[in-house]
Amino acid sequence: LKNPIKATWKRPATWFRWHRWLGYLIGLQLLAWILGGLLFAIVPFQTLVKGKDLVSKPSLNFPDQWQIDPSKFPSEHGALQGLQSIVSAQGLALRLQFKNKSLVTDLHGAPLNAPTQEQIQTFAKQIYRGDGDFVAVQHLSSVPTQLAIVKELGKRKNVWLAQFKDSQSTRLYFDANTGEYITVRTDAWVWYD
């Protein structure tokens, strides 16, 4: 008895049919790849998707005659390995880096308290450059996913969210412990992601 599968594969028409369908699949994949590349090239990524025009980089100047007094910094964590100035909702602050710990203090070395809702609201309004109206500030212990799959801040938790009513539904995120500005997210960013 002849094997019916073997007999089918020996026919040239069958080979051509499989070749044609495989060509269609590869062609569709290439078309999607080219269209995706064109979309990435045409869409103004930094302004529309990343929202760079919606937020001004926070900045503050050190007070006149301000000097570092290392004796006021905590010493129970060992030697100070790094020092960085940061802008928070409470103003200018310092990030002290020790071997196994990072601390945020005010300019005089005192621990920085967590920001209040009012401080976050004021800070958000100061750095927002869009044309929308302020909606609300809320504390989030975890950031909800958008469209059931997009995590706007990855695994980051304990943040403040400031929302603005504009064409992009702009959302500004701030660290709940230090009041530092983290990032801006928009609906375009969610769909793009």
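Contact here means heavy atoms within 4.5 Å. Helices (H or I, at least four residues) and strands (E, at least two) are DSSP runs, numbered from the N terminus. This is a predicted model: local features need pLDDT of at least 70, side-chain atom pairs count only at pLDDT 80 or more, and totals for chains, interfaces and linings use all residues. Residues are numbered from 1 along each chain as its sequence is written, and side-chain values use heavy atoms, with hydrogens and water left out.

**View 1. Helix α4 and its cover.**
The view shows α4 (117-127). Its buried residues (under 20% relative accessible area, 1.4 Å probe, protein chains only) are I120, F123, A124 and I127. Seen down the helix axis, they fall within an arc of 100 degrees, so they line one face of α4. The arc is that of the directions from the helix axis to the C-beta atoms. Among the elements that cover these buried residues are β1, β4 (133-142), β5, β6 and β7 (181-185).

**View 2. The largest nonpolar core.**
A nonpolar core is a set of buried Ala, Val, Leu, Ile, Met, Phe, Trp, Tyr and Cys residues joined through side-chain atoms within 4.5 Å. The largest has 24 residues. Inside it, A162, L172 and F174 have the most contacts. Two or more residues come from each of β2, α4, β5 (157-165) and β6 (171-175). Helix α4 gives the most, with four residues. In soluble globular proteins, nonpolar side chains tend to be buried together.

**View 3. L172 and a second core.**
Which residues are in contact with L172, leaving aside its neighbours within four places in sequence? They are V55, A124, I127, Y128, W160, L161, A162, F164, Y181, T183 and V184. A second, separate core has six residues, including L140, V159, L161 and Y173.

**View 4. A three-stranded open sheet.**
The strand order is β1-β2-β3, with antiparallel pairing. Two strands pair if DSSP finds at least two bridges between them. Strands β1 (82-88) and β3 (102-105) stand at the edges, each with a single partner strand, so one side of each is left without a neighbour in the sheet. Neighbouring strands are turned by 25 degrees against each other on average, direction ignored. For this angle, axes are lines fitted to C-alpha atoms, for helices over the stretch in contact, and angles run from 0 to 180 degrees between N-to-C directions.

**View 5. Strand β2 and its two hairpins.**
Strand β2 (residues 91-97) pairs with β1 in the antiparallel sense over seven bridges. These two strands form a hairpin with two residues between them. S88 stands opposite G91 in β2, and Q84 has R95 as its bridge partner. On to β3, there are four bridges, again antiparallel. Here the hairpin runs through four residues. R95 stands opposite V104 in β3. Strand β2 is mostly covered, with five of its seven residues buried.

**View 6. S102 in strand β3.**
S102 is found in β3. Is S102 buried or partly exposed? S102 is partly exposed, with a relative accessible area of 37%; that class lies between buried and exposed, the latter being over 50%. Not counting residues up to four places away in sequence, S102 touches R95, L96 and Q97. The side chains of S102 and Q97 make a polar contact (3.5 Å). A polar contact is a pair of N or O atoms within 3.5 Å; within protein, one must be able to donate a hydrogen and the other to accept it, and residues adjacent in sequence count only if both atoms are side-chain atoms. From C-alpha to C-alpha, S102 and A79 are 12 Å apart in space and 23 residues apart in sequence.
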